[in-house]
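Dear colleague,

I am handing over the structure below, together with notes on what turned up when I went through it. Please read them beside the coordinates and tell me where you would look further.

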Amino acid sequence: MRRAIVVILDGLRRDLIGEENTPHLYAFARRAEQFSAHRTVFPSCTRVVSASIATGCRPARHGMAGNTMVLTENGRLVRHDAGKPDFLQHKRNVTGRSLHVPTMAEHLADEGGVVIFSNVSPGAAYAHDPDGFGHVYHRAGSFGPGRQPVPPLDELNIALDTEGESVMTDRFITRVVSAHDCPSVGVLWMGEPDASQHNLPLGSPEHLAILRSADSHAGRVIAAVEAMADRQDILLLVGSDHGHQIVDGVINVEAELVSAGLKNSMESDDVVVASNGTSVLIYLHPDVSGRKSEIEIFLRDRAWAGQVFSRCEFASAGIPLEAGPEFAVSMLSTDETNDYGVAGKGFTARRAGDKADILGAGQHGGMGTYEQMPFLMAAGQGFTPDSVRTSPSCVIDIAPTIFTHLGKPLPSFDGQALQHESREE
């Protein structure tokens, strides 16, 4: 039986892969095809990318607009943390849909199924299968078909740390790679190195130690797959969802709008700012639609705004129009390096609540060069070992690549299959 196994190391940018700090990935690259122009979606946030990989579609189609996004509820704009465990169920109650297009788990529910092990935020994990067609294992709750909780002994009781990642890796190998009743698709989504990168200087000794640990976990999965008797029937995809920029300044976009007289107060819901790290989504209540032109002029004049998208430009960036923001901003970034020689500094938008960004640590969400630098390695039929593909690819190509390997008709994906024989020349 043909099957696909996907391993994601959250937040690992491809220029940080090397023989010293990621030896298993470095060695696997010699046995796989690498994609040197691989990109992610915008906003480049894990919850958004999870939905994009699960559906093979851009945010404009699947409707997950950001890690933080706004819903219209009883005529008011309400900001939500999309990482909360119940966010997608709440979104379904409010809008009628969790995601706007089917996931791989839904497409394959009767054909081998999908099993996901994830150690990122609950919302990102559940975005792979919000409506309960397969199995999702997460520390906040593990569910089978119908979103029924798994038996207590089957729960994933781990922490977001190196030990937890190791336990989850072992569980994934047993449940997905080596199992007799293996699913059609298995996804292992590790929380590192992303979790630590938000708190550590990129390239520091502490950060490099995290890279080595995450690499060792990936190496165990790679070794387990390569040891399988049916290896020729397995497509192995190893990659990341986005990269990271270095936080060089934090901008309180909401406060600046208030100061400019474009938002009534910090607490008002006439204009609502949803920070997504190095990007920001700005929502306007219909009652203040007359402020659009002033806000656009204001945004395009800010030194911290790298790229500003108005709704007429959303299609080019893949941003949802339906119940979406009025503006999206990718914060300014540069190629400047830090004290450890890691490039890519830039601004981040101050987040709501008590979440604080750390100067010198990592952040993502925008269109900056290094946050748009995930990696992808593919081993299996249709891919050439020890080769580098220089043509563009994107995270939305993963689902059609999996379906092509499984021999399934391709649904209406935004991405394209990456196998050589499936591409138009």
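Thr-103 sits in the loop that connects helix 4 (87-95) with helix 5 (104-107), where helices (H or I, at least four residues) and strands (E, at least two) are DSSP runs numbered from the N terminus. This is a predicted model, in which local features need pLDDT of at least 70 and side-chain atom pairs count only at pLDDT 80 or more, while totals for chains, interfaces and linings use all residues. Residues are numbered from 1 along each chain as its sequence is written, and side-chain values use heavy atoms, with hydrogens and water left out.

Thr-103 counts as buried because its relative accessibility is 5%; buried means under 20% relative accessible area, exposed over 50%, and partly exposed in between, with a 1.4 Å probe and protein chains only. Leaving aside residues up to four places away in sequence, Thr-103 touches Ala-54, Thr-55, Ala-127, His-128, Asp-129 and Pro-130, a contact being heavy atoms within 4.5 Å. Just after helix 2, Gly-56 adopts a positive phi of about 70 degrees.

Helix 2 (46-55) also takes part in the pocket, being one of the elements that give two or more residues to the lining of the largest pocket, along with strand 5 (76-81), helix 6 (122-126) and helix 8 (194-197). That pocket holds about 720 Å³ of space, and 32 residues line it, with Arg-47, Asn-67, His-198, Arg-351 and Lys-355 lying nearest its centre. Strand 5 supplies the largest share of the lining, 3 residues. On a 1 Å grid over the protein atoms alone, a pocket is an open set of points where a 1.4 Å probe fits, with protein on both sides within 12 Å along at least five of seven lines, and lining residues have an atom within 4 Å of a point. Grid points are joined across faces, edges and corners, and the volume is the space filled by probe spheres set on the points.

Strand 10 (residues 185-190) is largely enclosed by the rest of the structure, because 6 of its 6 residues are buried. Val-185, Val-187 and Trp-189 point one way from strand 10, whereas Gly-186, Leu-188 and Met-190 point the other way. Strand 1 (residues 3-9) runs parallel to strand 10 and is joined to it by 6 bridges, with Ile-5 opposite Gly-186; two strands pair if DSSP finds at least two bridges between them. Strand 6 (residues 114-118) is likewise parallel to strand 10, over 5 bridges, and there Val-114 stands opposite Val-185 while Phe-117 has Leu-188 as its bridge partner. Strand 6 is also largely enclosed, since 5 of its 5 residues are buried, and it pairs in the parallel sense with strand 7 (residues 135-137) over 3 bridges, where Phe-117 stands opposite Tyr-137.

Val-185 returns in the largest nonpolar core, which has 60 residues and in which Met-64, Val-185, Leu-237, Tyr-283 and Ile-402 have the most contacts. A nonpolar core is a set of buried Ala, Val, Leu, Ile, Met, Phe, Trp, Tyr and Cys residues joined through side-chain atoms within 4.5 Å. Helix 13 (residues 398-406) gives the most to this core, with 5 residues. A second, separate core of 39 residues includes Val-115, Phe-117, Val-221 and Ala-379.

Turning to the open sheet, its 4 strands follow the order 13-14-16-15 with antiparallel pairing. Strand 13 (271-275) and strand 15 (305-310) are at the edges with a single partner strand each, so one side of each is left without a neighbour in the sheet. Strand 13 pairs with strand 14 (residues 279-284) over 5 antiparallel bridges, and Val-271 stands opposite Leu-284.

Among the residues that Tyr-283 touches are Met-69, Val-70, Val-271 and Ala-323. Ala-323 lies in the loop between helix 12 (314-317) and strand 16 (327-331) and counts as exposed because its relative accessibility is 63%. Ala-323 and Thr-95 are 228 residues apart in sequence but 9.3 Å apart in space, C-alpha to C-alpha.

With best regards
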